[in-house]
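I opened my notebook next to the structure viewer today. Here is what I looked up, entry by entry.

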Amino acid sequence: MSGVARRLLVAIGGVLASSVLVFVMLRVLPGDIATTRLGIDATPEALAELRSEYGLDRPLVAQYADWMGSAARGDLGTSLVTGDDVRGDIAARLDVTIPLVMLSSFVAVALSMWIGQRAAVRRKRIFGAVATTITQVGVAVPTFVIGVGLITVFAVQLRLLPAGGFPTNGWRQPIDALRSIALPVAALAATQTAVLVRFARSQALDFVASDAFRTARSTGRTVDAALSTARRMVLSPVLGVTALQLSTLLTGAVVVESVFALPGLGSMMVRDIANRDVPKVQSTLLVVVVLVFTLRFIVDFINDRLDPRRLT
Amino acid sequence: MTHHPTPTARSTRTPTLAAGALLVGCIAAITLLGLVWTPHDSIAVDSTMRFSPPSANHLLGTDQLGRDVLSNVIEGARTTLLAGMLATFIAIALGGILGVVAAVSRRWIDDVITAVATVFVAFPALLLALVIVAARGPSTGTVVITVGVAAGASVVVVTRRDAADIMRSPYVLAARFSGGTTFRIVTTHVLRNLMPSLMVQATSAASIAIVAESTLSYLGLGTTPPTPSWGRMIASTQQYLLVHPMLTLWPALFICVTVVGVTLLGDGLRDRLDATLLP
């Protein structure tokens, strides 16, 4: 089977497995939506009516099949609280979440490559020691604390960037939109970079110890020029980890959007969770899962092209 | 069981372990102090003392409702540490037991446990907790249990691998040939040799749990009022960041000290145990 077909199968299987997990956790574990919606004083008749309206009286397997069937046709149901079409709500917010996630990934990969390689070459100097310590400690700090820290420094003290919000016209005001998203991207990329630097650094260390590096040096290349011959070799594992970290990144986006009051998928989901809007949360999570596996497919696809050994 | 004396030279070369232990020790001391004494009642509102700067009476000042910041920080430590410890206990107990069971059981039991654990590992603990909160409503208990189970999934995977390695080791084979049952081998050899690995995993579970509790509380989906929580302190004071940044930065600082301490402790333990005891 070709690499692309195999990756597609894995992605589809992953979406299905995650959707089952989401469904089970939201529908089977707790009480039920009707009680949440109508409160504990509701009459049995009213509860029964609401349950049949949402199909909650049907077997769970049928409910799951219904949900996935409608989702496949593009129908993500309606909000329990507002009665709005969930698909419209989600579509309006992908404009923020997708650029946020993609820019953060890009920044994190680029930054971790730069830091990791330098930290490997200069491991006995200050740069290496500082970079290693900061990344070791940095992975631990929660994303929202980093976000609040960035707001304090860059929005409150230096007044360089907005502390939150997003222009009402969205990307039709590209400069304002970019300025609004700069700090969120930095907050989201920070933890990601700390994770990736470890892999970039250890891969670069392997290369620096190799014969290939010594040969490159002996032909008169500078350290940086010699390192650049191994860029693909360092990038490949970094992209591999990036693909695996996408679910963590999307979860981070939920937090970051709330910290910076961005109108994205994550901040919407936090509000829906607070409102106990279970059907909407369920469909939003499905979109998040599809997003994770689509992005992972893309990153893996690029990575396979960079390093053909991965396909064998 | 094999016993390696700890080389004394190594212990002086692990400053991360000492630094981590020091930071965690400070937070633990603050928590213990908070059990018996806080400078003020953490939830006592005083409208005449809103936003007062640090003074002898209020060492870290007061917040937007005139509550003593130091008392809230001290009591927040209790919430965070308790949530972290309980979730870690769940993760290690659940993950340790299932991991060992998977390693010594029939193939199909192993496969089922590993498959379920793998699906859970793919879901970040925080996302899992968000899903459960959507279904059950916010509470510290929900967060603790969910994060405990989520962190337990990766403990299952690691413990299964480590336990399987131990089961293949010469001393277990020797025990088997001298007539030891699987149960006896597990209790005398496997569990004792798993301890170092479980200790390292406990620190990473604790770090995940502390981050999850404070993040969910920040989002308004975790610890509910009136229980003081660092995450909620940050959320409720963020709007005053321009004028009173310290109200937000104190709880943020304490969160950082705690998670960094736990992480350094874990890294230090790993460095120290890698060479000697980890299978």
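Entry 1: I began with Phe127(A), which is partly exposed because its relative accessible area is 28%. For the word itself I noted that buried means under 20% relative accessible area, exposed over 50%, and partly exposed in between (1.4 Å probe, protein chains only).

**Entry 2: ground rules.** I am looking at a predicted model, where local features need pLDDT of at least 70, side-chain atom pairs count only at pLDDT 80 or more, and totals for chains, interfaces and linings use all residues. Residues are numbered from 1 along each chain as its sequence is written, chains are lettered from A and ligands numbered from 1 in the order in which they are written, and side-chain values use heavy atoms, with hydrogens and water left out.

**Entry 3: aromatic pairs.** Trp114(A) and Phe127(A) make an edge-to-face pair, with 5.9 Å centre to centre and 85° between the planes. This pair links distant parts of the chain, 13 residues apart: Trp114(A) sits in helix α5 (residues 86-121) of chain A and Phe127(A) in helix α6 (residues 126-138) of chain A. Trp114(A) has 45% relative accessibility, so I wrote it down as partly exposed.

I also found Phe297(A) and Phe301(A) stacked, at 6.4 Å centre to centre and 25° between the planes. Both lie in helix α14 of chain A, four residues apart, which is about one turn of the helix. Ring pairs also join Phe23(A), Tyr64(A) and Trp67(A) into a cluster.

**Entry 4: a nonpolar patch.** Phe301(A) turned up again, in a nonpolar surface patch with Val4(A), Leu8(A), Ile12(A), Leu16(A), Ile298(A) and Ile302(A). Together they have about 570 Å² of accessible area. The elements giving two or more residues are α1 (3-28) and α14 (278-306) of chain A. Which helix gives the largest share? I found α1(A), with four residues.

Entry 5: Helix α8 (residues 174-208) of chain A spans only 42 Å between its end C-alpha atoms, whereas a straight helix of 35 residues would span 51 Å at 1.5 Å a residue. I then found a kink of about 35° at Ala182(A) in α8(A), shortly before the proline Pro184(A). The bend at a residue is the angle between axes fitted to the seven residues ending there and the seven starting there.

Technical notes
The expected span of a helix is 1.5 Å times one less than its number of residues. Patches are made of residues with over 30% relative accessible area and no salt bridge: like charges are joined within 9 Å, nonpolar side chains (Val, Leu, Ile, Met, Phe, Trp, Tyr) within 5 Å. Accessible areas come from the Shrake-Rupley method with a 1.4 Å probe; for residues, only the protein chains shown count as cover. A salt bridge is a side-chain nitrogen of Lys or Arg within 4 Å of a carboxyl oxygen of Asp or Glu. Rings of Phe, Tyr and Trp (its six-membered ring) pair if their centres lie within 6.5 Å; planes under 30 degrees apart count as stacked, over 60 as edge-to-face and the rest as tilted.
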